[in-house]
Amino acid sequence: MEAPAAPHNPVETRLTVTSPEQMQDLGRRLAKLLRAGDLLMLNGELGAGKTTLTRGLGEGLGVRGAVTSPTFVIARVHPSLGDGPPLVHVDAYRLGGGLDEMEDLDLDVSLPESVIVVEWGEGKVEELTEDRLHVVIHRAVGDTTDEVRHVTVTGLGERWAAVDLSVLSA
């Protein structure tokens, strides 16, 4: 009788980003690691750079349409311009409940063939898959023009166990 597989320890990398252009470039680099079935959860203060990062992801994945905040439509699908996966961009900020409200979006149906990015997804989409990427963006709060962001990227589950996230620092 085989022992159950041990849970995979999270893999993590920390980066410092000093401009919106660098945040978008980080998104382009991160896109190179992504494939259909990947779920990314983005968390950070308002104005931290979640949508800017997602814009870079969209560029890196080669999807159609301008990536803008889907705050008022909740979710937006950007089809691939090539043979890559579509990008499903979700803003869960206005959604109160957990997966129940998210179920209306059919993310579980879209996940196998898409890359799904959920802004403000913590506590709302973890049940979709054990394999996910958490991106937390910290910025100075208050009345500041400081563009410095501290980004922590954590890969959870078997999917990310062997992925070298340090390539994002390049």
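# Packing and salt bridges

Setting aside neighbours within four places in sequence, Leu-165 is in contact with Val-11, Glu-12, Thr-13, Leu-33, Leu-133, Val-153, Thr-154, Gly-155 and Trp-160, where contact means heavy atoms within 4.5 Å. The model is predicted, so local features need pLDDT of at least 70 and side-chain atom pairs count only at pLDDT 80 or more, while totals for chains, interfaces and linings use all residues. Residues are numbered from 1 along each chain as its sequence is written, and side-chain values use heavy atoms, with hydrogens and water left out.

**Overall layout**

The protein has five helices and seven strands. Helices (H or I, at least four residues) and strands (E, at least two) are DSSP runs, numbered from the N terminus. In chain order, the elements read β-α-β-α-β-β-α-α-β-β-β-α. Of the 170 residues in the protein, 47% are buried; the classes are buried (under 20% relative accessible area), exposed (over 50%) and partly exposed (in between), with a 1.4 Å probe and protein chains only. The exposed surface comes to about 8900 Å², of which carbon and sulfur atoms supply 50%. These areas come from the Shrake-Rupley method with a 1.4 Å probe, and for residues only the protein chains shown count as cover. Among contacts with a separation of 6 or more, 65% are between residues 24 or more positions apart.

**Nonpolar cores**

A nonpolar core is a set of buried Ala, Val, Leu, Ile, Met, Phe, Trp, Tyr and Cys residues joined through side-chain atoms within 4.5 Å. The largest one has 28 residues, and Leu-26, Leu-34, Leu-40, Leu-133, Val-151, Val-153 and Leu-165 have the most contacts inside it. At least two residues of this core come from each of β1 (11–17), α1 (20–31), β2 (39–44), α2 (50–61), β5 (115–119), β6 (132–139) and β7 (149–156). With four residues, α1 gives the largest share. Apart from this core lies another, of 11 residues, including Leu-39, Ala-92, Ile-116 and Leu-128.

**Strand β2**

Six of the six residues of β2 are buried. In a regular strand, side chains alternate between the two faces of the sheet. Both faces of β2 are covered: one carries Leu-39, Met-41 and Asn-43, the other Leu-40, Leu-42 and Gly-44, all of them buried.

Strands pair if DSSP finds at least two bridges between them. β2 pairs with β5 in the parallel sense over four bridges, and Leu-39 stands opposite Ile-116 in β5. β2 also pairs with β6, again in the parallel sense, over five bridges; here Leu-42 has Val-135 of β6 as its bridge partner.

**Helix α2**

The 12 residues of α2 reach 16 Å from the first C-alpha to the last, close to the 16 Å expected at 1.5 Å a residue. The expected span is 1.5 Å times one less than the number of residues. Nine of the 12 residues are buried, and α2 is thus mostly covered. The buried ones are Lys-50, Thr-51, Thr-52, Leu-53, Thr-54, Gly-56, Leu-57, Gly-58 and Leu-61. Their cover includes α1, β2, β4 (87–91), β5 and β6. After α2 comes Gly-62, which has a positive phi near 70 degrees.

**Salt bridges**

A salt bridge is a side-chain nitrogen of Lys or Arg within 4 Å of a carboxyl oxygen of Asp or Glu. By this rule there are five salt bridges. One of them joins the side chains of Glu-12 and Arg-14, at 3.0 Å from N to O. Another joins Glu-59 and Arg-28, at 2.4 Å from N to O. Because Glu-59 lies in helix α2 and Arg-28 in helix α1, this pair ties together parts that are 31 residues apart in sequence.

| Residue | Relative accessibility and class |
|---|---|
| Glu-12 | 45%, partly exposed |
| Arg-14 | 60%, exposed |
| Glu-59 | 42%, partly exposed |
| Arg-28 | 29%, partly exposed |

Arg-159 and Asp-38 form a further salt bridge, with the closest N and O atoms 2.8 Å apart. This pair links distant parts of the chain, 121 residues apart: Arg-159 is in helix α5 (residues 158–161), and Asp-38 is in the loop between α1 and β2. Both Arg-159 and Asp-38 are buried. Elsewhere, salt bridges with shared partners connect Asp-25, Arg-28, Arg-29 and Glu-59 in one network.
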